[in-house]
Amino acid sequence: MSSRSDQLNNVNTAFSRQSIIYDDYDRENPTLTWMRKQVMKHVLKYLRPNDKILELNGGTGIDAEFFTEKGFTIHCTDLSDGMVDQMKKKFSSERHSGKVTIQQCSFTELDKVGDKKFDFIFSNFGGLNCIPDLKQVTRFFPSLLNKNGRVCLVILPPICPWEIIQLFRGKFKYAFRRLKRNGTLANIEGIKFQTYYFSASQVMKALGKNFKLLKLESLALFTPIPQMEKIPKKLPGLAKLLNKIDEKISGTFPFNRIGDHIIVTAEYTGD
Ligand SMILES: C[S@@+](CC[C@H](N)C(=O)[O-])C[C@H]1O[C@@H](n2cnc3c(N)ncnc32)[C@H](O)[C@@H]1O
């Protein structure tokens, strides 16, 4: 059993290795491009003018760049040396000055952000799946948020039909990997670390009673998951149709709870 710091070290090494190819892979994978567009569409509905954003696990800063272009200011954090280096490169030009601040920091140590306050906390594409207990992060939210501040967490849930149907191809372990109580090993760039999957109700439970759910959406339920990138490349028409189906039903019960990711947006109702 590895210790917590082994876990953080492995996550750092894995994502640092991945950081070099991250933006190219993101750009060239049609499903990832579509998914990011859906997340941004969702977030823009819940951001208010002049909101100050705190981004957790910001990666290379792809979303942070989008937000600054929309006129928001953002404090972008990530654990990984490589991801933070990429972020610094992306925001080194004059045109970003005053709009983005960067801090290397684990989301389990958000007290290091200091006494700054934000209107919106954002975590995209499963960074939070790298910890076993979301409360390690959410416990900091009340002190970081302004009154009626909002959070949007994009997380991998336990039920992903595209993975479960891999059962019929004999991939039993893979089909049920998200349901394992103690998480499952991820392998990124040859580095293994434990990952954990959370349902919408587990996310809301971790946020606590002072958070009210505003919207729950699924991301890539009918759309084949990003690892199946051959499908949209070979059959773009079919992929577009499945994207459209997802866009229609992603916010509707019970479809909004399952898929590759879920988007959970909630408002802080405490003082
Ligand atoms: C799949 S990437 C997503 C990056 C970015 N949000 C995006 O949408 O492109 C996951 C990110 O989570 C970060 N991460 C994992 N564990 C973390 C932790 N404990 N604290 C902060 N960041 C973490 C990784 O370094 C990596 O950049």
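Which residue does Asp260 meet in a salt bridge? I looked this up in a predicted model, where local features need pLDDT of at least 70, side-chain atom pairs count only at pLDDT 80 or more, and totals for chains, interfaces and linings use all residues. Residues are numbered from 1 along each chain as its sequence is written, and side-chain values use heavy atoms, with hydrogens and water left out.

Entry one, the pair. I found the side chain of Asp260 in a salt bridge with that of Arg178, at 2.8 Å from N to O. I took a salt bridge to be a side-chain nitrogen of Lys or Arg within 4 Å of a carboxyl oxygen of Asp or Glu. Asp260 lies in the loop between helix H11 (236–249) and strand S9 (261–268), and Arg178 in the loop between helix H8 (172–175) and strand S6 (184–188), so the pair ties together parts 82 residues apart in sequence. Helices (H or I, at least four residues) and strands (E, at least two) are DSSP runs, numbered from the N terminus.

Entry two, burial. I noted Asp260 as buried at 2% relative accessibility, and Arg178 as buried at 4%. Buried means under 20% relative accessible area, exposed over 50%, and partly exposed in between (1.4 Å probe, protein chains only).

Entry three, helix H11. I found Lys244 in a salt bridge with Glu247, the closest N and O atoms being 3.7 Å apart. The two are three residues apart in helix H11, about one helical turn. Lys244 is exposed at 52%; Glu247 is partly exposed at 28%.

Entry four, the network. Salt bridges that share partners join Glu163, Arg177, Arg178 and Asp260 into one network. I counted 13 salt bridges in the structure.
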